[in-house]
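Student: Can you take me through this model, starting with the contact between the chains?
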Amino acid sequence: MKISTFFYCLKQGIKNIRRNKLFSLASVGTIAACIFMIGIMYSVIANFQHMIDTAEESVSVTVFFDEGISQDKINAIKLKVEQRPEVSDVSYTSADEAWEGFKKNYFANNPELAEGFKDDNPLANSSYFEIHLKDVSMQKSLVTFLKATDGIRQVNYSDATASAMTDFAKMVGYVSMTIIIVLLAVGVFLISNTVMIGIAVRKEEIKIMKLIGATDYFVRAPFIVEGIVIGLIGAAVPLFGLYFVYQEVVKYLAGQFQSITSKITFLSSHQIFAVMTPMALIIGAGIGLVGSMITIRKHLKV
Amino acid sequence: MIELENVSKSYSTGAPAIKKIDLKVEKGEFVFIVGNSGSGKSTLIKLLLKELEPTEGIIKINGRVLNTIKRKRIPELRRDMGVVFQDFRLLKDRNVYENIAFAQRVIETPTKVIKKRVPAMLSLVGLSEKYRSFPKELSGGEQQRVALARALVNNPAILLADEPTGNLDPKNSWEIMRLLEEINKRGTTVLVVTHNREIVDAMNKRVITMNKGVVISDEKKGGYLYED
């Protein structure tokens, strides 16, 4: 394609949008509605996922060692555990640190009681690892590994919490997948209806172009430009709306449910829109592209 | 220039539209194809444009055998032919200038050339003043002249006109015919499908008469033979 032809097609595509204002407006509206819904769904799902991740981070496995184990041995075990794929981080608490923590918790009001244990740490064998996982669903394999490891006396973990969380995360995944599929199906249906109207307008035009001797790509190019531009506008409009709505909703929720928000944090609008902006623009351009391709494909056979 | 050998075209429903036609049009000829509706005239034009495929027979245009042209090569074939239709078929959303320029854009003519060529065509058809008008602002005769300018802007070897005066009053019809004759004098082969008896009789050109899909007469300097 010559450069002048490329610019001609680009210009024609943009002119087409103005020539068929009503049709363009309907298409932009349809795509905008679609992307608005997908955007809302994404915000909800991303926040859910974020909350689950946060909760998962608080789940940990605690490991106690055999009595009289040497510090070298403990260090060796730490090294081994850290290399496991399930592990995100391992924090070591020595017996002395454990006792300090215990004192703070239980003898805060009468430190003299704790003085009696001064030289005889009652938690002498209570040095431990607190292991955080990358993913709660991996807990089982890690526990099996830990139990088989030499030098480890006891592994404390909550199977119920972990499996409940895994199930919950799975459920959220399935539900959101279903909703997004339904939304996309609705979107495609709406677009195909809009496109049907477009066909009636364009049929004659495409036929004339072909009879004059236009190649398929020459006929198609302006339509593709038109579709993509409409798709991008259709994506940009709801993005502005969503940006505003999201901030307001988060602010509102944080104000209304302060007791919950101390435990739950929402994703910032930056985090949300860093993903949502390209996602929406790609979906918008994609819908526009597919829509215009479908519109003209049938009529190119002249 | 145009050659049909034993060409037939039948649609899936009903009788064949064209039956075993043999036809030869030489370079630079001016030919009328006449006949009443249903005689197969329009089917003939569609076959020449490769809008339709013949059921049997061979069609040759300008040395190309249409039967074997691949779909991708059809545009090249059509660029050798200018076409004018009864219903003008202008692009409604573009002005006169853009309608004519479109035929040049299609073959990727540089804009510089387009800017010279389109005004030349406009003055040939006498519409220089109206280059910014849209089709709906023009009379039927003016629209057909735009269509003619579009058909000629690329200097085609052949001009096909399918009932070019079908929607026009006698004055405009004669205007179009005068232009077609002028174009023919400049060397373009012109093929006009019509049932305008008055014009055919007056112009004294080659007349091919069709009836029910068959050529019933071919006169070098003829008149409108067929009786309705």
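Predicted model: local features only at pLDDT ≥ 70, side-chain atom pairs only at ≥ 80, totals over all residues.

Tutor: Residues are numbered from 1 along each chain as its sequence is written, chains are lettered from A and ligands numbered from 1 in the order written, and side-chain values use heavy atoms, without hydrogens and water.

Student: How many residues does the contact take from chain A and from chain B?

Tutor: Chain A gives 24 residues and chain B gives 22, with contact meaning heavy atoms within 4.5 Å.

Student: And how much area do they bury between them?

Tutor: About 2,300 Å², 54% of it on carbon and sulfur atoms; buried area is the accessible area (1.4 Å probe) that two parts lose on being put together, summed over both. Tyr8(A), Leu211(A) and Ile212(A) supply 28% of what chain A buries against chain B, more than any other three residues.

Student: How many salt bridges are there between chain A and chain B?

Tutor: Three, where a salt bridge is a side-chain nitrogen of Lys or Arg within 4 Å of a carboxyl oxygen of Asp or Glu. One of them joins Glu51(B) and Lys207(A), at 3.4 Å, N to O.

Student: New topic: what does Leu159(B) touch, leaving aside neighbours within four places in sequence?

Tutor: Its contacts include Val84(B), Leu148(B), Leu180(B) and Thr188(B).
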